[in-house]
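Here is a short note for someone opening this model. Please keep the sequence and the 3D view side by side while reading.

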Amino acid sequence: MTESPALNGSPIRTRATVIENRADGGGGFCLTLAVSGWPGALPGQFVMLSAGPRTAVERWDPLLPRPMAIYRGHQPGSAGESTEIQVLYKATGAGTRLLAEALPGQLVRVVGPLGVGFPSPSSGQRVCLVGGGTGTASLYEWAVRCARKQPVSVLLGARRAQELIGLEDFEALDVDLRCATEDGSLGTAGRVTALLEPLLADVKPEEMSLYVCGPTPMMRACSERASRAGIRCIVSLENNMACGFGVCLGCAVPLTEGGFSLVCKAGPIYDAREVDWAGLP
Amino acid sequence: MIQAVDTSVEFAGIPLRNPVLTASGTFGYGTEFAPFLDLRRIGGFVGKSLTLEPRFGNPPPRIAETPSGMLNAISIENIGVDAFLNEALPALPDGVVVIASCFGTDPEDYARLAQRLSDSPRVAGVEINASCPHVKSGGIEFGQDPKLLGELVGRVRERVSGPLIVKLSPNVTRIAPMAEACQEAGADGVTLINTIQSMEVDVETRRPVLSNVLGGLSGPAIRPIALRMVWQASRAVDLPICGVGGITSAEDAIKFLLCGATAVQVGTTNYINPMAAGEIADGILQYAERHGVSRVTDLIGALEVNSPSAS
Ligand SMILES: Cc1cc2nc3c(=O)[nH]c(=O)nc-3n(C[C@H](O)[C@H](O)[C@H](O)COP(=O)(O)OP(=O)(O)OC[C@H]3O[C@@H](n4cnc5c(N)ncnc54)[C@H](O)[C@@H]3O)c2cc1C
Ligand SMILES: Cc1cc2nc3c(=O)[nH]c(=O)nc-3n(C[C@H](O)[C@H](O)[C@H](O)COP(=O)(O)O)c2cc1C
Ligand code: FES
């Protein structure tokens, strides 16, 4: 729904080969896939991944693919060669736990890239990225790109230190990184929203753009706080999806102006003011 | 030399290059599939059910996953008939067979809508959705009472001279009287089944998973029920039948043909594999070649049953 660059290329549907599926010790996994004909992607776009690898017997349970942010692999592949793309995920429900069992060499079905990319901040602005839980994965490539051009603060939150997915990658970036854990095992004890306060303390609206991805309550809280400060807040929503390309109408988000928008097609990225937060489950 | 297999069928007076269509509500308005599938590879598609005015659906959550299936309570969210005729249809390449689906709250709505759609030269036929299980009024009321259904189809028939198909609800005790009512009222074909009324519960929150509480079940979980109903309907009426429900492969599609369906529709599988309908069409051809079947129409109703009284 935000003004953002158009899709790099048309989405593809393919079977990708698992190169690596590495557990990070905190329930998170980094899945590397080799995809042929990969058209590239914009930061903020996602893929639909089959719930687990393809096995000798075709499986229809769990039925639906799972939306996952593209963590690495935004460059288009060269003709005839396969490209590596990465997703970071947490094994929580049935689909992601099956995905966690995928072994190198097995095949995973992929549809993507889907959705729209993040809209650019104004030049010279401080960019503040706030990630909660697996939402962090959606923000990484955007942090990389923004850090090339302007000052970037990254605020990450999770229940405990081990669950801060992608932490090492963010540490390697030239950004102002701050963490919060609910059990206090790393960084500030408490929620990531608390880290936002000092950054917003005396900032003028035109000096900052905020980008947020994480659980709905966290995004809602950031959105309210940004709105009080008059700061533009962009969110990346994580609604349940069946198709990911605009045909099932299952991912609808209610809008403040009335009606609904399809998160998989017009989103997943929205200006926080467009979203009717009270209408989200 | 192997003779080329003739895959064409005629459903409700609509010539199709092969018997594989896609189901309403699972294929958008067709163009969404352009990156994945040449729409001319399949028999055709049925568009999302339309209403006279554009309409928004239910609040989220609208979908939920269940064993080998999914629930939905979208509630006929659609762009409305004007946008369909003026924007969606012209965006499609020539040669794509389009069946338009209509939904209304009273027979007059259905008749006006069906007439407008049927008058368009780009619409090969009209399917009336008399079976949406989760819209408060309309749809399912007609789909559960053979007398009301017959009246509805009769009203639409008066205004539509082109192919008229009725989509039936599985949420009935007996499917045969519903198909018979359509035949008597002058329909050219029936499509079955729509989704099966269902619900799911989240025990952590002790709430229904869908905002609408009730939803419709689709996907492989419903295939045996759909197959049974197609079989029963095909024995009750002479109308051509389009079989829908949980089709994931060419083998699944062929089961419906054997049980008496002239064509099939692929639904939920399109979400999981947007290329599925094309692969299923190819698979039917390969099956025919493998089994020395020269015309796909030879498979229709070719089920061998020892005790036909079982129906
Ligand atoms: C655009 C987008 C990008 C995403 N990127 C990532 C990512 O990079 N890494 C990652 O780990 N997760 C990501 N998610 C969330 C991820 O898709 C869900 O967590 C996943 O589908 C859950 O599947 P499951 O099989 O583990 O859980 P299920 O067994 O399906 O469900 C377990 C619980 O998770 C909830 N759930 C199911 N699907 C979703 C969903 N899509 N969003 C939120 N909650 C859900 C269910 O309601 C249930 O309570 C993204 C979601 C979207 C929409
Ligand atoms: C999300 C969703 C939306 C649907 N919308 C419609 C609709 O608008 N009109 C209609 O006649 N059927 C609709 N259906 C029903 C399908 O066309 C089909 O009859 C049903 O899903 C069973 O087939 P399947 O198991 O292959 O999906 C919808 C199904 C789903 C899953
Ligand atoms: S997930 Fe199907 S329309 Fe968005």
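The numbered points below go through the basis of the model, its sheets, its chain contact and its ligands.

1. Basis. This is a predicted model, in which local features need pLDDT of at least 70, side-chain atom pairs count only at pLDDT 80 or more, and totals for chains, interfaces and linings use all residues. Residues are numbered from 1 along each chain as its sequence is written, chains are lettered from A and ligands numbered from 1 in the order in which they are written, and side-chain values use heavy atoms, with hydrogens and water left out.

2. The seven-stranded sheet of chain A. Chain A holds an open sheet of 7 strands, ordered β10-β9-β8-β7-β11-β12-β15, with mixed pairing. β10 (188–189) and β15 (269–271) of chain A are at the edges with a single partner strand each, so one side of each has no neighbour in the sheet. Strands here are DSSP runs of E with at least two residues, helices are runs of H or I with at least four residues, and both are numbered from the N terminus. Two strands pair if DSSP finds at least two bridges between them.

3. Strand β9 (residues 176–181) of chain A runs parallel to β10(A), and 2 bridges join them. T181(A) has A189(A) in β10(A) as its bridge partner.

4. Helices on this sheet. Helix α4 (residues 192–200) of chain A lies across β7 (126–132), β8 (152–158), β9, β10 and β11 (208–213) of chain A. Its direction is at about 155° to β8(A). Helix α5 (residues 216–229) of chain A also packs on the sheet, where it touches β7, β11 and β12 (232–236) of chain A. The angle between α5(A) and β11(A) is about 165°. Contact means heavy atoms within 4.5 Å. Axes are lines fitted to C-alpha atoms, for helices over the stretch in contact, and angles run from 0 to 180 degrees between N-to-C directions.

5. Strand β1 of chain A. Which strands pair with β1(A)? Strand β1 (residues 12–23) of chain A is joined by 6 bridges to strand β6 (residues 107–114) of chain A, running antiparallel. In that pair, I12(A) stands opposite G112(A). Another 6 bridges join β1(A) to strand β2 (residues 28–36) of chain A, again antiparallel. There, E20(A) faces T32(A) as its opposite residue. β1(A) and β2(A) form a hairpin with 4 residues between them. G25(A), in the turn, has a positive phi of about 90°.

6. A sheet in chain B. In chain B, 4 strands form an open antiparallel sheet in the order β5-β6-β14-β11. Its edge strands, β5 (63–66) and β11 (196–199) of chain B, each pair on one side only. From one strand to the next, the twist averages 40°. Strands β6 (residues 69–72) and β14 (residues 214–218) of chain B pair over 3 bridges. M70(B) stands opposite S218(B) in β14(B).

7. Where the chains meet. In chain A, 30 residues are in contact with 35 residues of chain B. The two chains bury about 2700 Å² between them, with 70% of it on carbon and sulfur atoms. R13(A), W60(A) and F260(A) supply 24% of the area that chain A buries against chain B, more than any other three residues. Buried area is the accessible area (1.4 Å probe) that two parts lose on being put together, summed over both.

8. Ligand 1. This ligand is surrounded by 21 residues, the closest being P67(A), G95(A), T96(A), E238(A) and N240(A). A residue counts as near if one of its heavy atoms lies within 4 Å. β4 (66–69), β5 (82–90) and α1 (94–99) of chain A each give at least two residues to the shell. The largest share, 4 residues, comes from β4(A). Polar contacts are pairs of N or O atoms within 3.5 Å. A backbone N or O atom of G95(A) lies 2.6 Å from an oxygen atom of ligand 1. Taken alone, ligand 1 exposes 850 Å², and the protein buries 74% of that. Accessible areas come from the Shrake-Rupley method with a 1.4 Å probe.

9. Ligand 2. Where does ligand 2 lie? Ligand 2 is found between chains A and B. A polar side-chain atom of N129(B) lies 3.2 Å from a nitrogen atom of ligand 2. A polar backbone atom of G246(B) is 2.7 Å from an oxygen atom of ligand 2. Alone, ligand 2 exposes 610 Å², of which the protein buries 98%.

Technical notes: A polar contact is a pair of N or O atoms within 3.5 Å; within protein, one must be able to donate a hydrogen and the other to accept it, and residues adjacent in sequence count only if both atoms are side-chain atoms.
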